[in-house]
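Dear colleague,

I am handing over the structure below, and after it I set out what was found. Please read the notes with the model open beside you.

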Amino acid sequence: MRAVVAEMSVPRYLLTAAGRPSLLTLRDDAPEPALPAGPGWVVLRPELSGICGSDVAVARAKSSLVLSAFYTARRQILGHETVAVVESTGERVALDPVLSCTQRGFTLCRSCREGRPNVCERQTSPAQGFDAALGGGWGERLVAHESQLHPVGAVPSRRAVLAEPASIALHAAMRWERRGDRAVVIGPGTIGLLLTAALRRLHPDLDITVIGPGSRAAAMGATRTLPSGPQAVEAFGAVLRPRMTRTPILVDGVDVVFDCVASPPTIDLGLHLLRPAGMLVLIGSAGKQKVDWSLVWNRQLTVQGTVNSAPPVMARVVEWLADPSFPADGLVTHVHELDDWEAALATATAGARAGAVKVALRPDPSIPLVT
Ligand SMILES: [Zn+2]
């Protein structure tokens, strides 16, 4: 079958030496995913599959060295944001890429027993879409377990393909136990915009400031938008100025900061915006970074990491996406066929600079899109 395949065994020095753009190649002879033993496995044919920041990181060999312990597959077929048709029934489904004890046929671990397979204690690879064995959404076929599938009915393809990032956004929003009225979202990419919409849906009266480039946040429910940088702090009110560093500290700080970028400047900005005992939720994939953490202990902040979601959260966002009043139209800005995967990846990498929010691949044009 046709699929974009990542060869993880290519040494990263060869990438720069040969000027190779990525670890990925489009292959016509990609291995057909095999149905695992046991009941409940089905073949899916993707309608659309999104390109996530984590996919770009894999393609550019920028993945975390620590997490390479989990990502052991030497060959990967990417694509974990997928709306697909079940080959045997024709049913349209959104894929939950989380693989936990249920799919692996293990006795349920503590987390899985508690209904939190997203923090499965036996996770040996974090999610579908990072291994060729089951396939991924950037190929013509993949296999998945029925416990991973969320029927989407007649939800348009360009909305349904957002189910996975929307579930990450809602899961992140639910990490915060509300104790105040002001939230900040840093990074209005797909996750940041869907998070803004989720916060607005959960908290109609919340004051939400979105920091970063782009002009779509207001339509998602943001109260205001600000450009990024240390000067953003002063837009909130009175500040203290440290003698030795550049970013001012907000006196009357905000209750929660959701950092969808998680780079040193955005983490630094978030820490300076928070009130004492506030919460920094890291949704972006932070790695080895130099950050001054003084405010974490001094102001007794909570730093909460988050990724993926639990099945009830995904079911809830599928309901939201079926509701035309949920502002998800227009977030899929680009759709490319597999032949154009390199252009798609370049557009996804450029993000707001290319006018892109979500870039999606369409692996098999014979599968009709629902509009
Ligand atoms: Zn488990």
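**What was found**

Methionine 1 lies in the segment that precedes strand 1 (3–7), where helices (H or I, at least four residues) and strands (E, at least two) are DSSP runs numbered from the N terminus. This is a predicted model, in which local features need pLDDT of at least 70 and side-chain atom pairs count only at pLDDT 80 or more, while totals for chains, interfaces and linings use all residues. Residues are numbered from 1 along each chain as its sequence is written, and side-chain values use heavy atoms, with hydrogens and water left out.

Methionine 1 counts as buried because its relative accessibility is 12%, buried being under 20% relative accessible area, exposed over 50% and partly exposed in between (1.4 Å probe, protein chains only). Leaving aside neighbours within four places in sequence, methionine 1 has contacts (heavy atoms within 4.5 Å) with residues including Arg27, Asp28, Ile77, Glu140 and Arg141. Although methionine 1 and proline 363 are 362 residues apart in sequence, their C-alpha atoms are 10 Å apart in space.

Helix 6 (residues 163–175) and helix 11 (residues 311–322) have axes that come within 9 Å and cross at roughly 115 degrees; axes are lines fitted to C-alpha atoms, for helices over the stretch in contact, and angles run from 0 to 180 degrees between N-to-C directions. Among the residues making this contact are Ser167, Leu170 and Met174 of helix 6 and Val313, Val317 and Trp320 of helix 11. Serine 167, found in helix 6, is buried with a relative accessible area of 2%. Beyond its neighbours within four places in sequence, serine 167 is in contact with Ser309, Val313, Met314 and Val317.
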